[in-house]
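Thanks for making the time this morning. I would like to walk through one model with you, and I will start inside a single chain before moving to where the chains meet.

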Protein chains: 2
Amino acid sequence: MYKATITVRLKPSVLDPQGSAVKGSLHSLGFAAVTDVRIGKTMEVWISATESAEAEQKVDEMCQKLLANPVIETYDYELEGA
Amino acid sequence: MYKATITVRLKPSVLDPQGSAVKGSLHSLGFAAVTDVRIGKTMEVWISATESAEAEQKVDEMCQKLLANPVIETYDYELEGA
């Protein structure tokens with residue numbers, strides 16, 4: 001059993017309206033020192049696999065097929081035995 | 001300038017319908033080896049501060065006030081000079 005912690009982020013060139021809204025809210029709350037906010041997703045996926053190479057290949061495939069939109073997002077992940 | 005990478009996750013006891021939906025979609029795509037999926041948020045916040053202790057305190061405060069809902073979520077973060 002492996003656990004993959006996948007982080008999906010918007011590419012730096014892509015506008016992040018959610019991040020801008022959070023930045024605005026933080027400023028309203030008095031956090032004037034905040035200069036930028038970017039928001040992404042984190043996904044924890046548990047996979048039953050016997051080898052880490054097999055799990056890694058599956059994680060890559062599911063990121064490309066479903067979990068990330070390669071046009072506007074990038075992903076990275078960490079794999080650990082669970 | 002510091003960059004905080006904040007991860008907000010649902011507490012383990014809280015149901016995650018979004019994760020269940022993603023798990024269902026992964027199964028439909030043929031990833032039968034996936035046993036569970038949990039979804040959270042990742043936030044990158046850039047803060048102008050002179051000391052890491054100051055930045056840390058601010059990040060804790062903004063997590064408690066806005067970024068995480070302590071009733072159903074937990075947060076952790078990494079701070080790095082940027």
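This is a predicted model: local features need pLDDT of at least 70, side-chain atom pairs count only at pLDDT 80 or more; totals for chains, interfaces and linings use all residues.

**Salt bridges and the chain interface**

Let me begin with helix 2 (residues 52-67) of chain A, where A:Lys58 and A:Glu54 are four residues apart and so are separated by about one helical turn; helices here are DSSP runs of H or I with at least four residues, strands are runs of E with at least two, and both are numbered from the N terminus. The side chains of these two residues, A:Lys58 and A:Glu54, meet in a salt bridge at 3.3 Å, N to O, the term being used for a side-chain nitrogen of Lys or Arg within 4 Å of a carboxyl oxygen of Asp or Glu. A:Lys58 is partly exposed at a relative accessible area of 22%, and A:Glu54 is partly exposed too, at 29%, where buried means under 20%, exposed over 50% and partly exposed in between, with a 1.4 Å probe and protein chains only.

Residues are numbered from 1 along each chain as its sequence is written, chains are lettered from A and ligands numbered from 1 in the order in which they are written, and side-chain values use heavy atoms, leaving out hydrogens and water.

Over all chains the structure holds 12 salt bridges. One of them joins A:Arg9 and A:Asp76 at 3.1 Å, N to O; A:Arg9 lies in strand 1 (residues 2-10) and A:Asp76 in strand 3 (residues 73-81) of chain A, so the pair ties together parts that are 67 residues apart in sequence.

Which residue of chain B does A:Arg9 form a salt bridge with? The partner is B:Glu44, with the closest N and O atoms 2.8 Å apart, and the pair crosses between chains, from strand 1 of chain A to strand 2 of chain B. B:Glu44 counts as buried, at 10% relative accessibility, whereas A:Arg9 is partly exposed at 24%.

Turning to the interface as a whole, 32 residues of chain B are in contact, meaning heavy atoms within 4.5 Å, with 32 residues of chain A. Finally, strand 2 (residues 34-47) of chain A and strand 2 of chain B run antiparallel and are joined by 13 bridges, where pairing requires that DSSP find at least two bridges between the strands.
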